[in-house]
Amino acid sequence: MAEQTSTANAWAANPADLIPPGRKRLGWGLLAAATLVLLAVIVVQILYKTEMSTVGFDTWRPVIYAYILWGIALGAWQVLTRGEEGQRALFLLPALLFTIAMVIFPTLFGFYIALTDWNLSSFAGRRFNGLDNFRQMLADPYYRNALFNMVLYVLAVLVEYVIAFGLALLLNAQIRARKFFRVVFLLPLMLSPVAVSWMVGKSLMEYRFGPAATLARHLGWDNPAFFSDPITARISIMVLDAWTFIPFMMIMLLAGLQAMSREVLEAARVDGATAWQTFWQVTFPLMLPVSVTAVILRIIFKLKLADIIITLTSGGPGGATDSVSSFIYREYRDRSNVGYGTMLAMAYLVIIVVFVTWLLKFASRFVRNVN
Amino acid sequence: MSVQTTDYTVSEIRSPAAFIASRVFIYGALVFWAFVCLFPIYWTITTSFKSAVDVTQGHLIPFVDFAPDWKGWRSLGLSPDSIFQTSTVRDEFFKRFMNSVITSVGASALAIVIGSLAAYGLVRYRYKFAWFKNEDISFFFLSQLILPPVVLALPFLVLYREVALLDTRIGLVLLYTLMVLPIVIWIMRDQFNSIPVELEEAALVDGLSIWGAFFRIVMPIALPGMVAAFILAMVLCWNEYFFAALLTSTDAKTIPVMVASQTGSQGINWWSMAALATAAITPLAIIGVALERYLIMGMTAGSVK
């Protein structure tokens, strides 16, 4: 393929002119054949599944194979009919076809499921029920509670940011063994949240024997139960999540600090600014773009928070620590309620798309105004 | 892009007393946070050598507080005296471990391949699919980052059952690839942007095709970025719990799911739990220490210009 097209590379004014019509016909033929195969497999499968025909496959998997085949044919068609232009498109096609197949289709399917009454554990099967799930959702106090918790969890990011900034400043100071401290500070990010919630949340913070509880008793807290009343439980979850994710923000902020020009800091010092003034007048404003990126990325990760809550508290006590993800997880795990769970998930998707879009707009305006 | 050491002059410090005070504060804070980071890991590792009494009494220091014992590791079949005996728990553990290895390496590799290609195309060429231009396509890929797993989980549960991918490693690999693809594209775009376009133009003049130029000229230069993206993707996939818990049951269960399901009828066996947790975090802890440079490179890609 490469040899054929090397004659028709960027030098030609219009590479399409140099492609022989036979090659173009071959390309179109291939694409048409593959499309036909894909459509045929889908039609055969639909007929078989709706019991209108006896010929078909047990599962829908052949459709995937047909889709892959169609993707290959699409690539070949691009190269055969468009020459180098097609070779360029080939860079993008695999990722594009993959993402479309894995996101667009399941999401559309999800919107459909969200409008059905479908419990996997009941024999009734799937039944279209319109907006019933939506109405149920609006009246569901637990879902509202989970959304409210998400607001609290997202607000906790600001505290994480302050700590991460402090750590980044420490690592950026003139210290010995910088590499050692950097590796150590990075470690929590590498650890599996599930293992962390077991060994830290359930063991280290255990009410009777955990060292954290013992320490809390020494510090004068008589009854160090970290997960029994709603507010403490929420804070415990936030602390655990912060512990794993602070390194992430810290590393980004550290990179920002190190990319800062030394001259500006020198100038501030020459002008007689104290360290405190230098930080607020120079360092912090200059770090704002990096800070905003770090905080937004962290919020995006925070919106997916689930693992720790699922393993540690299962949302308890009384739903106080539930995140939306963990709530939906239990909606499926405990009640097999696919239809309603999907409606909750889709509503959440809409909410966070709106929220993140607003956040990005707000952040860019904020950065522009300050600088 | 990588984090370098910066040497600050100490001229800003005004008096010896203030200098010492600031040193004490800085090192104190550093040591305190290092303790916060390391103590849970220390606790996990030592607990795997404790017996029940040592756990419930909160003993901390081996040989002083308690006599270390291979108890936790024996229950996994990994202690020196049980390693050569047959052990169903060990077989189970290795099966889960291999599942984790295969899914995380497979997904990271697949994401690197298709993600690098897409990132390269988006950086170097102008596309127009219908009314979608480069910026729209980039945004489409990166916007996947905000998609929470819970949105895809239930539709995938149903779809995977229909295509017989439920509880298979391939199924997990595909989902994990989707999960890390935006991050890979983000890192690789930054990486390819930093390569001067003249190199490829020279290669094209020398008669290489655009794909030849990509493989022979661009890829070797972008290799560190690929390693960085690969490692970051590995970390995310290895620790992933949500999809694995929903979509696997017996065959394709990964280590985090195994860790999460360790509750017996007589409460929790802390020593075996700790041994399992240690085994689950060790591979990444080693990678983190050894390849820290690449991890940092991956995390800071594109954030600092």
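Let me start with a definition: a residue is buried if 20 or more other C-beta atoms lie within 10 Å of its own, exposed if 12 or fewer, and partly exposed in between, with C-beta atoms placed from the backbone. Take Ser116(B): it is buried, because 26 other C-beta atoms lie within 10 Å.

Before I go on, a word on what you're looking at. This is a predicted model, where local features need pLDDT of at least 70 and side-chain atom pairs count only at pLDDT 80 or more, while totals for chains, interfaces and linings use all residues. Residues are numbered from 1 along each chain as its sequence is written, and chains are lettered from A and ligands numbered from 1 in the order in which they are written.

Okay, back to Ser116(B). It sits in helix α4 (residues 88-124) of chain B; helices here are DSSP runs of H or I with at least four residues, strands are runs of E with at least two, and both are numbered from the N terminus. Leaving out residues up to four places away in sequence, Ser116(B) touches Met188(B) and Met226(B), where contact is C-beta atoms, placed from the backbone, within 7 Å. Leu172(B) is 56 residues away from Ser116(B) along the chain, and their C-alpha atoms are 21 Å apart.

Now chain B as a whole. You'll find 13 helices and 2 strands. Its radius of gyration is 25 Å, well over the 19 Å that the globule rule gives for 305 residues, so chain B is more spread out than a compact globule. That radius is taken over C-alpha atoms, and the rule is 2.2 Å times the number of residues to the power 0.38. The C-alpha trace of chain B spans about 75 × 75 × 35 Å along its principal axes. Of its 305 residues, 46% are buried. And among contacts in chain B with a separation of 6 or more, 72% are between residues 24 or more positions apart.

Chain A has 15 helices and 2 strands. The C-alpha trace of chain A spans about 80 × 65 × 40 Å along the principal axes, and 37% of the 371 residues count as buried.

Let's do some helices. What does α12 (residues 275-302) of chain A do over its 28 residues? Its end C-alpha atoms are only 33 Å apart, short of the 40 Å a straight helix would reach at 1.5 Å a residue; that expected span is 1.5 Å times one less than the number of residues. There's a kink of about 55° at Leu288(A), shortly before the proline Pro289(A). A bend, by the way, is the angle between axes fitted to the seven residues ending at a residue and the seven starting there. The buried residues of α12(A) include Met287(A), Val290(A), Ser291(A) and Ala294(A), and their cover includes α6 and α10 (230-259) of chain A.

Chain B has its own α12, residues 270-290. Its 21 residues should span 30 Å at 1.5 Å a residue, and the end C-alpha atoms are 29 Å apart, which agrees. Still, α12(B) bends by about 35° at Thr282(B), with a proline, Pro283(B), following within four residues.

Then there's α15(A), residues 338-370: 33 residues that should span 48 Å at 1.5 Å a residue, with ends 47 Å apart, which agrees. Its buried residues include Val338(A), Tyr348(A) and Ile352(A). Among the elements covering the buried residues of α15(A) are α14 (324-335) of chain A and α6 (149-162) of chain B.

On to the core. A nonpolar core is a set of buried Ala, Val, Leu, Ile, Met, Phe, Trp, Tyr and Cys residues joined through C-beta atoms within 7 Å. The largest has 176 residues, and Leu253(A) and Val184(B) have the most contacts inside it. Helix α7 (residues 169-193) of chain B contributes the largest share, 16 residues.

Where do the chains meet? The contact takes 87 residues from chain B and 88 from chain A. On the chain B side, helix α1 (residues 16-47) gives the most, 12 residues.

Asp167(B) lies in the loop between α6 and α7 of chain B, with a positive phi of about 60°.

Terms used. Contact = placed C-beta atoms within 7 Å.
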